[in-house]
Amino acid sequence: MKHFLIFVFCIFTLAGYAKKIPTVYIDGKGVMRWSDTRKEASFYGVNYTLPFAHAYRAMNYLGIDHKNAIDRDVYHIARLGLNAYRIHIWDVEISDAKGNLIDNEHLELLDYLLMRLRERDIRIVITSQTNFGNGYPEHNKPTGGYSYNYDKCDIHRNPEAIAAQEKYISALINHINPNTGLAYKDDPYIIGFEINNEPCHPGTKEETKNYIDRMLTALKKAGNQKPVFYNVSHNQHVTEAYYDTAIQGTTYQWYPIGLVAGYTRKGNFLPHVDSYNIPFSHIKGFDKKARLVYEFDPADIMYSYMYPVIARSFRTAGFQWITQFSYDPIDIAYANTEYQTHFLNLAYTPHKAISMKIAAEVARNIKRGESFGTYPNDTVFTNVHVSYKQDLSELNRPDAFFYSNTTHSHPVAIEHLQAIAGCGSSPIIKYEGTGAYFVDRLENGIWRLEVLPDAIQVSDPFAKPSLKKETVTIVNNAWDMTLRLPDLGEDFIATALNDGNSLDIEAINSTLPCLRPGVYLLKRKDYNPVNKWNKDTRWQNIRLGEYVQPNIRQRKDFTVIHQPTKTVDAGKDLVIEAQIIGPSHPDSIIIYTDKVSFWNETNPYIKMTHTHGYTYRAIVPGTEVKKGFFRYNVVVCRGGKQQTFPSGTEGSPLDWDYIDKQYWESRVTAPDNAIELVSSSVCEEWNGMEHYTLPEGSNHHF
């Protein structure tokens, strides 16, 4: 009885607390507003699917605790400043054939995830059902859920299927999360519910309207008072039906450069995202519904210049909720298996992640409907700059300086800076590591520094995926970091805060030598803090000592990442650049051509020199670049051992028993020769890429 009373007390306490938490409502003009201030709301975030489908199974394959995995990912999502989360629930994993809700591990993990998001002040939109299988990229797994009994394009008009959905969605919104004591319909952090993910309505407008009305009635009878959203970017032959119902919000997608290319795409895609046009914006009632982006992504690219521009175009089109699809769990991001056409994770794609952080600021600070012209004039807007040439997203305002890649821009008001986030170097931070870092002012003279390990791409992340294949490797190297912040001075002190890190470093001329990834409290020398700061101190939505990095895979051998120049001019110097990753820094790196011989005592070679980070460079004199083909190896030397690439064979081409015959090669032509850039026959062939945008091209199914 005692434990029961405590439980009841906790529920009432949470419920009472929930009443004080601002909620979101939609006014008569289709604008999302905060309940306490009546001000417009704006959200930017991600989808994340670990409780379900492949991500759930992958944790089992790798022996990883699901809840610990969620903790790690939610921390990084919070560090990116994201305030929105959307998930389309795999109903096949939490329902039976009749639509009864099954309280199982998938639902338990969803409950746990929602609780963790609440703790970080991240709001939630739940898409109640997907109505398709849980397999991708594997085969579907039988579960007994009702959606497996019907075709995707029949499930919204079959009477038995609709009855199952009514039962299921009513039970879902009344499900009580044991971590909060609140039903989903009563949780203030859940903004509302989307009825289903990308519905298929092949029938008439009247049939479509009747289905939506039935689902709305079921939700109302179940006690729902939250906004209900519906997808309007599909089935455009029945679009009018959507606006003839009582839904309060409409949901859209955008994949502006396509999906599932099967390889990393290259080029300047900024002209593709100048604007987001909605072809049915003239329909009666259009302006009375809130606009949400449930999924978007510039897929199949590793560039970091796209996210802020997409966020800007969405804001111009009137969107208040924008969620990318999808954030990769840190424990499987090394292989990018979940949806290989999408790839986003703070540790594994740091440049893209910082671009997302900048885009979140864009979404929250650009006025709804505000326009900035067209490309290239719109590459600079408010305090944001993007560049394809530099592969750069940059936010530069008095209180914040964020950059996704090395930048030469100076902060506009360095003395007022409160937050820095970046990759690479800038005029105020010099760093050769390839991971992201965050520098935040806690008070004058006291800053928090967070540095993630180096991430290096070792294979194409958008090719066929496998948990056995590494696409990005993580290296836990130490690098010097120079921080030129007037508030810290030149001889500040860095004290480690994260568990397992005992470093205590004094800066020399603003430089922290051999800084290892981790979290540090930076203190101006001889300064007495106003507040007490330690690893357990709460600050914003984190603890100061919190730190998450991937499991480091110990490397036994070296890897050379190099893309040879396809065609070069005879007689001109040839620049060869490569990234060298291994268990330590190499002693030397040598380039040999295919002309070397064991029997020749004077084999020519070229030594590569270190330029920055993991990058090495050599210049082949033009006298050695002769018409035909220039073929070469790269030999990495360390501790008396050699490893030859591109094959990675142990040994050197000068060894008597070296038999490998693999080379990189560049075609060498006369300077005045014409070079074929594109074959018309190739252009005429379909490349297998799918394209998703408005107006509707096809359904986004996996």
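Predicted model: local features only at pLDDT ≥ 70, side-chain atom pairs only at ≥ 80, totals over all residues.
**Cysteines**

The count of disulfides comes to one. It joins cysteine 153 to cysteine 200, with an S to S distance of 1.9 Å. The link of cysteine 153 and cysteine 200 is right-handed, with 90° about the S-S bond. The pair ties together distant parts of the chain, 47 residues apart. Cysteine 153 sits in the loop between β5 (123-127) and α5 (159-174). Cysteine 200 sits in the loop between β8 (190-194) and α6 (205-221).

The two partners fall into separate accessibility classes. Cysteine 153 is partly exposed, at 28% relative accessibility, whereas cysteine 200 is buried, at 7%. The cut-off for buried is under 20% relative accessible area. Cysteine 423 is therefore buried at 0%, and cysteine 637 is buried at 14%. The table lists these values.

| Cysteine | Relative accessibility | Class |
|---|---|---|
| Cysteine 153 | 28% | partly exposed |
| Cysteine 200 | 7% | buried |
| Cysteine 423 | 0% | buried |
| Cysteine 637 | 14% | buried |

**Helix α2**

Why is helix α2 largely enclosed by the rest of the structure? Seven of the ten residues of α2 (residues 53-62) are buried, so the helix is largely enclosed. The buried residues are Ala53, His54, Ala55, Tyr56, Arg57, Ala58 and Met59. They pack against two helices, α3 (66-79) and α4 (105-119). Glycine 63 follows α2. Its phi is positive, near 70°.

**Strands around β37**

Strand β37 (residues 628-638) pairs with β33, β40 and β38, as set out here in turn. Six bridges join β37 to β33, and the two strands run antiparallel. Within this pairing, threonine 593 has tyrosine 632 in β37 as its bridge partner.

Five bridges link β37 to strand β40 (residues 664-669), again in the antiparallel sense. Arginine 631 stands opposite glutamate 665 in β40.

β37 also pairs with strand β38 (residues 641-645), antiparallel and over five bridges. There, valine 634 stands opposite phenylalanine 645 in β38. The hairpin of β37 and β38 has two residues between the strands. In this hairpin, glycine 639 takes a positive phi near 60°.

In a regular strand the side chains alternate between the two faces of the sheet.

**Surface sites**

Which residues form a nonpolar patch on the surface? Phe598, Trp599 and Trp656 do, with about 500 Å² of accessible area together. Tryptophan 599 lies in the loop between β33 (588-593) and β34 (606-607). Tryptophan 599 is exposed, because its relative accessible area is 72% and the cut-off for exposed is over 50%.

Where is proline 486 found? Proline 486 is in the loop between β23 (479-483) and β24 (493-496). At 57% relative accessibility, proline 486 also counts as exposed. Its C-alpha atom is separated by 6.9 Å from that of glutamate 415. Along the chain, proline 486 and glutamate 415 are 71 residues apart.

Note on methods. Residues numbered from 1 in each chain as written. Heavy atoms only, no water. Disulfide = S-S within 2.5 Å. Helix = DSSP H or I, 4+ residues; strand = E, 2+ residues; numbered from the N terminus. Buried < 20%, exposed > 50% of the residue type's maximum accessible area, 1.4 Å probe, protein only. Contact = heavy atoms within 4.5 Å. Patch = residues over 30% accessible without salt bridge, like charges linked within 9 Å, V, L, I, M, F, W, Y side chains within 5 Å. Areas by Shrake-Rupley, 256 points an atom, 1.4 Å probe, with all protein chains shown as cover. Salt bridge = Lys/Arg side-chain N within 4 Å of Asp/Glu carboxyl O. Pairing = 2+ DSSP bridges.
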